[in-house]
Amino acid sequence: LDPERPVMLSTNCVTREEFAAFFTEGAFDILEMHAYVNPQVGDRQRQQIASFLAVRRGRYPLIVSLRAFEGAGWQPLPPGSLAAQREFYRQQQDLTENLGFYGWDLSPNRGLRQVERLRQELLALML
């Protein structure tokens, strides 16, 4: 609606019904999608992709945010998890390669600033 001020919608819905209940492509310019792994990519991410592709009609920028943090109630990410998340989403048809990692300052969770192993994994992926 306003090229000077693009709107980004962020979603983590996992069922087609939840997604369709609020989703309208005319309401945003960029879609950010996240379904945080616990502890690895699996059925939740596959279900989210299927829900999204079932309702997507337009071609617009899509950013997939991946988990890069530790927290209370979350299983620790195993070594190599950031690369596994990236590869999973890169292999999905009809999804872009605009990938981001969510985990910078998440108090009380522990993000990339506090978990050196995760920070090093992310740095290696950026090379």
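Good morning. I begin with Ser-65, which has a relative accessibility of 12% and therefore counts as buried. The model before you is a predicted one. Ser-65 belongs to strand β3.

What does Ser-65 contact, once its neighbours within four places in sequence are set aside? The partners are Glu-32, Met-33, His-34, Ala-35, Tyr-36 and Gly-100. With Glu-32 there is also a polar contact between the side chains, at 2.5 Å. Ser-65 stands 37 residues from Tyr-102 in sequence, yet their C-alpha atoms are 6.0 Å apart in space.

Tyr-102 brings me to the aromatic residues. The structure contains eight aromatic pairs. In one of them, Phe-69 and Tyr-102, the ring centres are 6.0 Å apart and the planes meet at 85°, so this pair is edge-to-face. The two residues are 33 apart in the chain, and the pair links distant parts of it: Phe-69 is in the loop between β3 (62-67) and α3 (81-90), while Tyr-102 is in strand β4 (residues 99-102).

Are these two partners buried or exposed? Phe-69 has a relative accessible area of 3%, under the 20% cut-off, and is therefore buried. Tyr-102 has 39%, between the cut-offs of 20% and 50%, and so counts as partly exposed.

Finally, I turn to charges over rings. Arg-67 places its charged end over the ring of Phe-69, at 5.4 Å from the centre. Elsewhere, Arg-56 lies over the face of Tyr-60, 4.8 Å from the ring centre.

Thank you.

Notes
Residues numbered from 1 in each chain as written. Predicted model: local features only at pLDDT ≥ 70, side-chain atom pairs only at ≥ 80, totals over all residues. Heavy atoms only, no water. Phe/Tyr/Trp six-rings, centres within 6.5 Å; stacked < 30°, edge-to-face > 60°. Helix = DSSP H or I, 4+ residues; strand = E, 2+ residues; numbered from the N terminus. Buried < 20%, exposed > 50% of the residue type's maximum accessible area, 1.4 Å probe, protein only. Lys NZ or Arg CZ within 6 Å of the ring centre and 35° of its normal. Contact = heavy atoms within 4.5 Å. Polar contact = N/O pair within 3.5 Å; in protein donor to acceptor, adjacent residues only side chain to side chain.
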